[in-house]
Amino acid sequence: MKLQREFFDRVPKTVMPRPYFAQENDVLGQSGTAWAVDAAIYGDNCYRDREKGLLEIYEAGAAISFFNLLPQKNKYEQEGLYLRLKLAYRTTANANVNIRNFSGNHVTLPNSFHGDIYDDSETYWHVTEDLTLNINSIYSGEKLWIQRVDWEWMSKEVVYEDEVQEQNIFLTRSFEEIKDLYASRDITPKSVKKFLMEKIKKDDDFAKRCLAILRQDQLMSKDLGELFVESGFKN
């Protein structure tokens, strides 16, 4: 079907709020607490109770951003550390609160009339860019109260649960070895090779590109038509 294009001499502009970009703070320390009443809230269905130090949420829709209260998530990535985040909360008896947590997963918090701590262990693999909790749903007439988010820098070195009694669960580091990680180095053929090797280990896409370069002589020897077919392009 041939589409018929019309001419509109007057088209309304889109009206929306001016974007606001929060300033991310350089939060110091090995561990700390971010209070929910200080978080930025986007959406309705919530009440900031500063006297009790609680954020009261009912129904769904609110997004609670801790972007300016938590450390930058990749701050110590070079040292093999990650940001472990735990949520202190309380619910009414049958709230069945579903949230998108800091690791980007959608989970249902266990109902807790007297309060509980939700340990988001998945931050070991990923922390969202916006550091925001999204309240997906709360049962009608029920409520959720958020008090705080506890954060701590943890080593990515793993001790399995059945090894806890046999191994030291703390990683001891020296100031000199950490300082050496950030020291500026001369660019030499050896340092460039080391950089590329580390890049290949961490970046699968880069590793594939390296393999493609290694294959280029083999590919160039093929017939042009055969190479076109193998490439998967369509006429």
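Predicted model: local features only at pLDDT ≥ 70, side-chain atom pairs only at ≥ 80, totals over all residues.
Of the 17 residues lining the second largest pocket, Q78, L181, K194, F195 and E198 are the closest to its centre.

**Exercise 1.** Find which element gives the largest share of the lining of the second largest pocket, and work out how that lining divides into nonpolar, polar and charged residues.

*Solution.* Start with the helices: α1 (175-182) and α2 (189-202) each supply at least two lining residues. Finally, sort the lining by residue type, which gives five nonpolar, three polar and nine charged.

**Exercise 2.** Now turn to the largest pocket and describe its volume, its lining and the strands that contribute.

*Solution.* Begin with the space, about 910 Å³. Then take the lining: 26 residues, with M154, S155, E157, I169 and L171 nearest the centre. By type, they divide into 14 nonpolar, six polar and six charged. As for strands, β6 and β11 each supply at least two lining residues, and the largest share, four residues, comes from β11.

**Exercise 3.** Decide whether strand β6 is mostly covered or uncovered, and identify the strands it pairs with.

*Solution.* First check burial, taking under 20% relative accessible area as buried: nine of the eleven residues of β6 (81-91) qualify. Then follow the bridges. Eleven of them link β6 to β11 (143-155) in the antiparallel sense, with A88 partnered by R148.

Terms used
Residues numbered from 1 in each chain as written. Heavy atoms only, no water. Buried < 20%, exposed > 50% of the residue type's maximum accessible area, 1.4 Å probe, protein only. Pairing = 2+ DSSP bridges. 1 Å grid on protein atoms, 1.4 Å probe; cavity = no way out; pocket = protein on both sides within 12 Å on 5 of 7 lines; lining within 4 Å. Points joined across faces, edges and corners; volume = space filled by probe spheres on them. Nonpolar A, V, L, I, M, F, W, Y, C, P; charged D, E, K, R; others polar.
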